[in-house]
Amino acid sequence: MAADGNNGASAGSQVDVVVVGAGFSGLYLLHRLRAEGFSVRVFEAASDVGGTWFWNRYPGARCDIPTTDYTFGFDPELERAWTWSEKYATQPEILRYLQFVTDRYDLRRDITFDARVEGAEWDDKTGLWAVRTSTGETVSCRYYVMATGCLSVPKAPDIEGAPRFAGEVYFTSRWPHEGVDLTGKRVAVVGTGSSGIQSIPLIAQQAAQLTVFQRTPNFSIPAHNGPASADRLGRLAADRDAYRTAGKWSRGGVPMEATDILGGTASEDVRRERFEAAWEAGELFAILGVFADQGVDPASNEIVSEMIREKIRSIVDDPETAEALCPKDHYFGTKRPCLDSGYYATFNSPHVRLVDLRSTPITTITEAGIDTAAESFEFDVIVYATGFDAMTGALVGVDVTGRAGVTLKEKWADGPSTYLGLTTVGFPNFFALTGPGSPSVLSNMAVSIEQHVDWVTDCLVDLRAKGMTRIEPTPLAEDGWNQHVADCAAISLHPTANSWYMGANVPGKPRVFYPYIGGVDNYRAVCDEVRAKDYLGFRLSAPEAEQCHDGVIRRLQPDVAMVLDAMAQMELPPLESMSPPEARAFMEMSNGARPPGPDVGEVVDGVLPGPAGELEYRLFRPGSPGPHPVVLYFHGGGWVLGDQVSDEPLCRDLCVRTEAVVVSVNYRHAPEARYPAAAEDAWAALQWVAAHAIELGGIPDDLVVAGWSAGANLVAVVTQRARDEGGPVVRGQLMLTPVTDSAMKTRSYQENADGYVLTAPLMRWFWDHYCDPAQRAEPTATPLRGRLDGLPPAIVVTAEFDPLRDEGIAYAEALRAAGVPVEHLAARGHTHTSLTMVGVVLSGARVREEIALRLGALLREPVEV
Ligand code: FAD
Ligand code: NAP
């Protein structure tokens, strides 16, 4: 096939760029680099182009992203010249397409086939890579790009006795080009991932007997293959550019209508309607997007999962087989879901049998077949559909040696570490396309590949224009990116599954979440921003020049960033532009739209006596039998806004996590009642709650005072006063992003003056309403100036993007200096408000869990008498 490729005839032993791989990625990269005037050599282990679509020729192999989208979009002329025949094209058709692309752009002349790259070594003196291939050739290049594929290294058979089998053995990922005739044969298929699920119905059509060995049942939905979707075709025809742009800026690389419907709150009718529509659409991103929260909320996910199980049970006749086919050990979507054509119905054929390896594991493969714990099977053929050493297999499979003589395999021994999924510290001028830490396998890869190729090409063009010859990420940028990738994964359900996304399918492979789950759109924005900021996080150099704009590209928690973006889009008026009554009404209205917080055992409203009249409170009681410890809580709102219910979701969360009675007490607000009214009321509340602990269902003297923001200021004030007045007994104080100082001069005030909900002007507005400047230095307004020895143990929580961060830190440090036990929790990537957004900012839950653990320890410690 490669006979017309000249296999090195035009090749030099020194080129600008060596590219490894001639699949979608390598082909497009070659096309772009060549157009930009770079000399390029491509090495490909296969005998022709195609990559995935060259190797995976098993019966039924097709794409699972509609071909309207799983196609190159970089050249409108190419799109006019090629018409896909169906919604999901077969492997032969996709391979023909890639060959067509290769010929159209005359790519073969720079590709060397049947040449496996075995090693690549960086020479720091010359600034060149030496790339060694299986043909014995070594090529020198300035830039080395691995377009080696995420799913290109088949997983080695890891079943005892596998080499003993005397019959025919096939891997779906290395299917013979001439095809295999299974007619009349007894066939075993091991594996029920996408490859197994696609091939099983077709293998069943030929085989005399088919036995499917299933370790983990997978979720699959019908592809409903046929003509391409009229809707997608129509949108493409109407405005190709707009359609492609929508794909590029979508979450998964396919234009989709995003929903904000939540599984838990949707009515049964809406749930059913949305699910059935997705089932009928037969598209992965439709079924993955039935509800906005199914990827993060177990209960919402279970609704979709159970509806799929119902479908399986309705298709498969034998109830026992049906049940064995129903996935129950992972959340839907956390392992790659499959698209099938008649998979479940195949098990209704009398010659097809499912063996559930969970109940009867394989003990060994024999010469004649497969033994399980229950039975011996004889076969003519075993087909392994057992998957790949995904994401990193092909990268660490090459001996890539970087600047310090360390190989990529050594550097990534505990898991991959990248900047943008493209580059890695210690390996200058090295790029990995669709590597770990990029959206790749979670997306329509055609779109992700084009984005990566474009970015790398633009980068090399930029370097040339600047006269730079080296690029390497900085450790700070790489650590920051790894953190962001992990933060994104942590709020999703994905890390809970034993999936190949987690490296769980390959024994001994590090368990981390390999791809970037933040979305194609966000990822593209990040990459664009890095370039717009003149290669933020990279060191660029030439013999006589150097440039480095060091930094971290994403520091906010991903869900905090989403909330801030959504708020920015709403163009809300600043609170400080309103009068206090308007601001209160506005806050009440926004609070009405938030999730209510978790269920608690009981909610009781009451009043307690304050110095200037009754103070309302709301009490949250745990579901467990009491008595319980008590948390007296003061709400936030800058002494101007809020009341006993304004922080209800947070109070519920505290109640559930700590198993304590939480009493949220209102206090008088400014400007109607200025300083020290709030502090006086808070003091009265402390005395009353401590004195009435038993009737509130609490344990006497097992009391903590907690508060957020201005409420945390009151916590500091009342605990200082309780010390001075010899009671009540306070076991501890929890101060969540507290106001402790009125100076407003810290670095955090400057860094976070704007853009993170609590702004510097808003804080000034709060202070001005609350307290005269002359009084602000008093410890009952500025507790940082108070005496701090002899206070109860404190938990001080500060948020990275909060003007109040540094005064919180200062208070924690001052307490510690005064001999008070202090736990300081610094909430990375959070804002002043985000930790209180229960059920919205999911990353806040981890911090609240930490808080609860520490609070629990304070509450249950024996009191020193
Ligand atoms: P590949 O196509 O994997 O090409 C990499 C090439 O590099 C291979 O040809 C390999 O031989 C070569 N290579 C690797 N190492 C070396 C070396 N050391 N020396 C020389 N050559 C080397 N994605 C989707 O988005 N939609 C789909 O529907 C879809 N369906 C898929 C179906 C199957 C069966 C599989 C396995 C994957 C599927 N994927 C799908 C993912 C698919 O891999 C990508 O869409 C895309 O084809 C990857 O292109 P690539 O060029 O990056 O990598
Ligand atoms: P896979 O999803 O990893 O599935 C491998 C299957 O083999 C799993 O069922 C696995 O079980 C099983 N298995 C592995 N080792 C086993 C063992 N020792 N004993 C018993 N069973 C074993 O691999 P794949 O099906 O090749 O798919 C990989 C990815 O390629 C897909 O997720 C998808 O991204 C892509 N793909 C796409 C399509 C498409 O529809 N376009 C088709 C094929 C592939 P466990 O789950 O228990 O590990």
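pLDDT is the predictor's confidence in each residue, on a scale from 0 to 100. The mean pLDDT of the protein chain is 96, and 98% of its residues reach 70 or more. Residues 1–10 fall below 50; beyond near neighbours in sequence, this stretch has 19 contacts in the model (contact means heavy atoms within 4.5 Å). Where pLDDT is low, the predicted coordinates should not be read in detail.

This is a predicted model, in which local features need pLDDT of at least 70 and side-chain atom pairs count only at pLDDT 80 or more, while totals for chains, interfaces and linings use all residues. Residues are numbered from 1 along each chain as its sequence is written, chains are lettered from A and ligands numbered from 1 in the order in which they are written, and side-chain values use heavy atoms, with hydrogens and water left out.

**The ligand site**

How many residues surround ligand 1? There are 32, and the closest are S25, E44, T52, D64 and Y70. To belong to this shell, a residue needs a heavy atom within 4 Å of the ligand. By class, the shell holds 18 nonpolar, eleven polar and three charged residues. Here Ala, Val, Leu, Ile, Met, Phe, Trp, Tyr, Cys and Pro count as nonpolar, Asp, Glu, Lys and Arg as charged, and the others, Gly among them, as polar.

Helices α1 (24–35), α2 (52–55) and α15 (445–466) each supply at least two shell residues. The most come from α2, with three. Helices (H or I, at least four residues) and strands (E, at least two) are DSSP runs, numbered from the N terminus.

| Residue | Part of residue | Distance to an oxygen atom of ligand 1 |
|---|---|---|
| F24 | backbone | 3.1 Å |
| T52 | side chain | 2.7 Å |
| Y70 | side chain | 2.5 Å |

Taken alone, ligand 1 exposes 980 Å², and the protein buries 95% of that. Such areas come from the Shrake-Rupley method with a 1.4 Å probe; for residues, only the protein chains shown count as cover.

**Backbone geometry**

A cis peptide bond joins G626 and P627, with omega about -5°. P627 sits in the loop between β23 (613–621) and β24 (628–634). Another cis bond links G727 and P728, with omega about 0°. P728 lies in the loop between α22 (710–724) and β27 (732–736).

D114 is not a glycine, yet its phi is positive, about 50°. D114 belongs to the loop between β3 (111–112) and β4 (117–123). Is D114 buried or partly exposed? D114 is partly exposed, at 45% relative accessible area. Buried means under 20%, exposed over 50%, and partly exposed in between (1.4 Å probe, protein chains only).

N429 also has a positive phi, near 55°, in a residue other than glycine. Its loop runs between α14 (408–411) and β18 (430–432). N429 is buried, at 0% relative accessibility.

**A strand residue**

T798 is in strand β28 (residues 794–801). T798 is buried, at 2% relative accessibility. Its side chain makes a polar contact with the side chain of H824, at 2.7 Å. Leaving aside neighbours within four places in sequence, T798 touches several residues, including T737, R805, I809 and L825.

Conventions. A polar contact is a pair of N or O atoms within 3.5 Å; within protein, one must be able to donate a hydrogen and the other to accept it, and residues adjacent in sequence count only if both atoms are side-chain atoms.
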